[in-house]
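Subject: Structure for your files, with notes on what was found

Dear colleague,

Please find below the structure I promised to pass on, followed by my notes on it. I would be grateful if you could read the notes with the coordinates open beside them.

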Amino acid sequence: LTFEKLQEAIDLMYEEYPVGCYLPMYVELIILLFYCGFANSKEILAMKRESVDFTNNTVKINNKTIHLSERCISLLERFYHTEEVEGHRGMYCVVPYHDSYIRFFVRRNKAESFQLRPQEEICAMMVRAMTTQLRQKHSMNLNYRKIYILGFYDYIVREVGRDRAEQLVRSVRTPEDSDELLRLAKEYGLSHENVSAIKMELLQYV
């Protein structure tokens with residue numbers, strides 16, 4: 001998996017829907033949020049607009065700083081300032097879940113009761129919107145964790161270069177390499193303390 005392959009799937013989505021349709025934009029947004037550093041859907045749901053530094057395109061959450069791409073910010077803002085969209089079954093209200101920054105699409109008569117739904121249900125709805133498109137339409141057996149770890153690997157590459165990144169992931173029993181990989185994980189906000197577990201997740205991208 002590479003980000004280029006994710007982008008290809010995103011581009012195909014846009015070709016399948018009418019110009020301006022909200023669904024491919026929304027799926028792209030969820031993909032980008034996980035790729036940029038949100039470890040799970042609960043972290044995304046916990047993001048407030050006031051916690052975003054729009055000068056540096058960063059958001060602080062759970063004692064870590066996530067760097068959002070320009071495209072990610074653009075999509076968040078687009079939906080934030082949209083009140084309703086047209087879907088294949090009519091019009092949908094664009095609403096937050098309590099005071100979250102990310103928006104959701106619900107029928108007008110269900111907008112109020114939407115706030116009473118369990119957080120776990122809302123998180124599952126968010127992820128399902130992404131995985132349904134990737135798995136059913138593009139045969140990409142991906143979950144949010146794989147996209148999150150890909151974002152972490154690309155972060156390592158940006159920090160130390162591709163050759164060094166591959167060396168850190170493939171390294172066996174080298175304390176210096178393990179220490180550096182753990183340092184990078186901590187900087188990124190990855191909660192793993194077990195360096196072997198981190199390497200196992202990263203190996204698929206080397």
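This is a predicted model: local features need pLDDT of at least 70, side-chain atom pairs count only at pLDDT 80 or more; totals for chains, interfaces and linings use all residues.

At 14% relative accessibility, Phe-105 counts as buried, where buried means under 20% relative accessible area, exposed over 50%, and partly exposed in between, with a 1.4 Å probe and protein chains only. Residues are numbered from 1 along each chain as its sequence is written, and side-chain values use heavy atoms, with hydrogens and water left out.

Aromatic pairs

The structure holds 13 aromatic pairs, a pair being two rings of Phe, Tyr or Trp (its six-membered ring) whose centres lie within 6.5 Å, with planes under 30 degrees apart counted as stacked, over 60 as edge-to-face and the rest as tilted. One of these joins Tyr-26 to Phe-105, and because the ring centres are 4.8 Å apart and the planes stand at 85°, the pair is edge-to-face. Since Tyr-26 lies in helix 2 (residues 22–36) and Phe-105 in strand 6 (residues 103–106), the contact ties together parts that are 79 residues apart in sequence; helices (H or I, at least four residues) and strands (E, at least two) are DSSP runs, numbered from the N terminus. Tyr-26 is buried as well, with a relative accessible area of 4%.

A tilted aromatic pair is formed by Tyr-155 and Tyr-188, with 5.1 Å from centre to centre and 45° between the planes. This pair, too, links distant parts of the chain, as Tyr-155 belongs to helix 7 (residues 144–160) and Tyr-188 to helix 9 (residues 175–188), 33 residues apart. Both Tyr-155 and Tyr-188 are buried. Returning to Tyr-26 and Phe-105, ring pairs link these two with Tyr-22, Phe-79 and Tyr-92 into a cluster.

Salt bridges

The structure holds eleven salt bridges, each being a side-chain nitrogen of Lys or Arg within 4 Å of a carboxyl oxygen of Asp or Glu. Glu-28 is buried, with a relative accessible area of 4%, whereas Arg-71 counts as partly exposed at 36% relative accessibility.

Glu-180 and Arg-164 also meet through their side chains in a salt bridge (2.6 Å, N to O); because Glu-180 lies in helix 9 and Arg-164 in helix 8 (residues 162–170), this pair ties together parts that are 16 residues apart in sequence. Here Glu-180 counts as buried at 18% relative accessibility, while Arg-164 is partly exposed at 22%. Within helix 9, Glu-187 forms a salt bridge with Arg-183, their closest N and O atoms being 2.7 Å apart, and these two residues are four residues apart, about one turn of the helix. Glu-187 is partly exposed, with a relative accessible area of 39%, and Arg-183 is partly exposed with a value of 39%. Together with Asp-177, the residues Arg-164, Glu-180, Arg-183 and Glu-187 are linked in a network of salt bridges.

Backbone and surface

Most residues other than glycine have a negative phi. Asn-63, however, has a positive phi, near 60°, and lies in the loop between strand 2 (58–61) and strand 3 (64–67), where Asn-63 is exposed with a relative accessible area of 88%. The phi of His-98 is likewise positive and near 60°; His-98 sits in the loop between strand 5 (90–96) and strand 6 and is partly exposed, with a relative accessible area of 48%.

Finally, Glu-4, Glu-8, Asp-11, Glu-15 and Glu-16 gather in a patch of negative charge on the surface, a patch being made of residues with over 30% relative accessible area and no salt bridge, in which like charges are joined within 9 Å and nonpolar side chains (Val, Leu, Ile, Met, Phe, Trp, Tyr) within 5 Å. Of these residues, Glu-8 has its place in helix 1 (residues 3–16) and counts as exposed at 52% relative accessibility.

Technical notes
Accessible areas come from the Shrake-Rupley method with a 1.4 Å probe; for residues, only the protein chains shown count as cover. Lys and Arg count as positive and Asp and Glu as negative; His and the chain ends are not counted. The place of a charge is taken as NZ of Lys, CZ of Arg, CG of Asp or CD of Glu.
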